[in-house]
There are 2 protein chains.
Amino acid sequence: MDDRARTDARARDEADPLARRRDAFDLPEDLIYLDGNSLGPLTHASRARVGAALNAQWGRGLVGSWNTAGWMDLPDRVGDRIAPLIGAGPGQVVALDTLTLVLAKAVLAALDLRPERSTVLTDVANFHTDRYILDAVATRAGRPIRVRALPREDLAAHLDDTVALVMLTHVDFRTGEMLDLAGVTAQVHAAGALMVWDLAHSTGAVPVDLRGADADFAAGCTYKYLNGGPGAPAFLWVAPRWQGVAANPLPGWLGHARPFAFEPAFTAAPGVRGFVTSTPSILALAALDGALDAFDGVDLAVLRAKSLALSDEAIALVDERLPGQLDLVTPREHARRGSQVSWRHPDAYGIVQALIARGVVGDFRAPDIARFGFAPLFVRHVDVVDFVAHLVAVLEGGEHRDARYALHQAVT
Amino acid sequence: MDDRARTDARARDEADPLARRRDAFDLPEDLIYLDGNSLGPLTHASRARVGAALNAQWGRGLVGSWNTAGWMDLPDRVGDRIAPLIGAGPGQVVALDTLTLVLAKAVLAALDLRPERSTVLTDVANFHTDRYILDAVATRAGRPIRVRALPREDLAAHLDDTVALVMLTHVDFRTGEMLDLAGVTAQVHAAGALMVWDLAHSTGAVPVDLRGADADFAAGCTYKYLNGGPGAPAFLWVAPRWQGVAANPLPGWLGHARPFAFEPAFTAAPGVRGFVTSTPSILALAALDGALDAFDGVDLAVLRAKSLALSDEAIALVDERLPGQLDLVTPREHARRGSQVSWRHPDAYGIVQALIARGVVGDFRAPDIARFGFAPLFVRHVDVVDFVAHLVAVLEGGEHRDARYALHQAVT
């Protein structure tokens, strides 16, 4: 049966218009890497770009590379390459800082735009760091702000005229549930509030249309589906209507209109550049710049179709081969599914560890979720068949209860 | 005369206990690099460490490297390597973010510790981004804060009981003047205020003794004299007495005591780690980690002695060879001098450009300062002699007025 399933999967791989994209990545042929939603793999282009930044630019060009190698506007150029993946235009996206800090900037800027309002709403299941930073910046708004973390289905009922902004993550890090970007944004706007999106688990895996949704601010990370490398810079999108209006709450000289005039007061550079604070890591930006090559010319509809096909296949095979053994927590409806599939199991940690020992990399999220990402640029249809075959072997052989896989904390 | 001076300088280089440290750097033999105070050069160890992080760790280890390659505590380990250079102990320093953001964290944390006070003092000549961020965070303290930027000689007279904190840069980026770290800190403490130091232009070039000075917070950058690479992470030092007391105003999951327990509220990790927000660039940290190898076993008193010898020689040679032509703005007194020498000249920009064309790299600071850094790990005594010979040739030949060197904005 596995043979038949593998043969069918190989045929789908041969017909896959994205199949050759895997060649961009430095991945062993036999590795089944279903953790691109945590850390995307190295691309050959990232290696080359970091090498050039390190040797030719830093090593030989030294300080002159700020001009000659275009380091000064690298955050903008990389932002412009991310823009088409999230439905943004040129000059609207910049790569900078780390995601939680970028969210702090976006949320404070948004609060400043709604000075008469006092409530921030978020999802109680939002990623924890988003909740920490919301609680923290709420004390920095210059007025009392109440942060309410609610079940997502209750948010609409709390959209009253005290709400300054809503901050949500587009795809849930645990369950892979995807929210309706345009629908939620419209609801929030109808209440006179602003919408701040965290795109950590969607950018590069599902089409995102920020302008179509008419959102206000968005931030995301680039080390997941964009494959920018461990701790790669985050990005910020500011809606065109807020550019020149919204102010960076943590300004610095690299966001100044004239950074080398050394003026005593801050004047923001035009566009989203004003949100850059101080000198970004060029090595980190170079790796990200290289990684984005893998997206050149990719049709996001094709990307999405493959992502859904892969996750459909995984869900169907687990339904068929392991009926009743794993509790699917990812929505079956396409419109509500991101690019990962998560199952609940009391021994989820052991399952993930036993799979890793077999060359199938997924990850665990406490207390009981096994999470598998289907990054369409490098995951193959045959990987899905092999993943489920290994999963069956693990569960049938009781490998997940092996003492070697005793629970300890896993890492993003 | 140059021959005699070069022979003497070569003898000093042969006797220099730090002479072999230049071998750690990937610098062409004939390059006279006097801009390590802007961007330190590439070390062979940085190249190797980035290569390992890129290929073995990211490429092969993938997401598992967060555990197996020690990525999680890399900010702490790198911080512990910076600590001895600034008179700090283990667990007191962490590498993170960019300098202006780290200053924002330190200043807000300090303001929270002096809730009954309403004034922040700084130097009117402080680096501009320090002034931008002070002005910005003063609006985020939860109470009205007045920022006063004064000539540094007037600060003492304004140390009244409304002053919450004083924020100063240890070595002036323009003039190279060094402030009295311990003396100023004691004055500030006598007024009941806290002291936040920016060590951008001192770390790695002059001995800094934060514990001896009994300061409160310090931040610095690592891409200058520490040679960490373009946009390398900043660092933060928090005095032991404030650890567990001062709170990160921009908290995130990587500073949480239990990041993978995904708790809904923030609880800071012990020590300075609580000031880390979200995922740092591992490539950037790896480059910095490698660069710090060049400081292994260096006696800071020896480093300082060489730095002063180099800058003394430069000042004396310019005095002798170009009397009255350049206006020295760096203090002649050792106790007030950092590791750079700056001269004022109406054609400073042209002078710097003409020198660069001759293979002597310094930099220009608007409107009229030519600035030369003497990084003792790789600058040679003979470089000083050759630098001044080139400077004499530029000025005597009128090269600084050449149209090729017409003024445009210089960088960093």
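**Exercise 1. Which residue of chain B forms a salt bridge with A:Asp112, and how far apart are the closest N and O atoms?**

Solution. This is a predicted model: local features need pLDDT of at least 70, side-chain atom pairs count only at pLDDT 80 or more, and totals for chains, interfaces and linings use all residues. Residues are numbered from 1 along each chain as written, chains are lettered from A in the order written, and side-chain values use heavy atoms, without hydrogens or water.

Step 1. Apply the rule: a side-chain nitrogen of Lys or Arg lies within 4 Å of a carboxyl oxygen of Asp or Glu.
Step 2. The partner of A:Asp112 is B:Arg140, with the closest N and O atoms 2.7 Å apart.
Step 3. The rule finds 4 salt bridges across the interface of chain A and chain B.

**Exercise 2. Describe the area buried between chain A and chain B.**

Solution.
Step 1. Buried area is the accessible area (1.4 Å probe) that two parts lose on being put together, summed over both.
Step 2. About 6,800 Å² is buried between chain A and chain B. Carbon and sulfur atoms give 66% of that area.
Step 3. A:Trp58, A:Tyr132 and A:Arg140 supply 13% of the area that chain A buries against chain B, more than any other three residues.
Step 4. The contact (heavy atoms within 4.5 Å) takes 80 residues from chain A and 80 residues from chain B.
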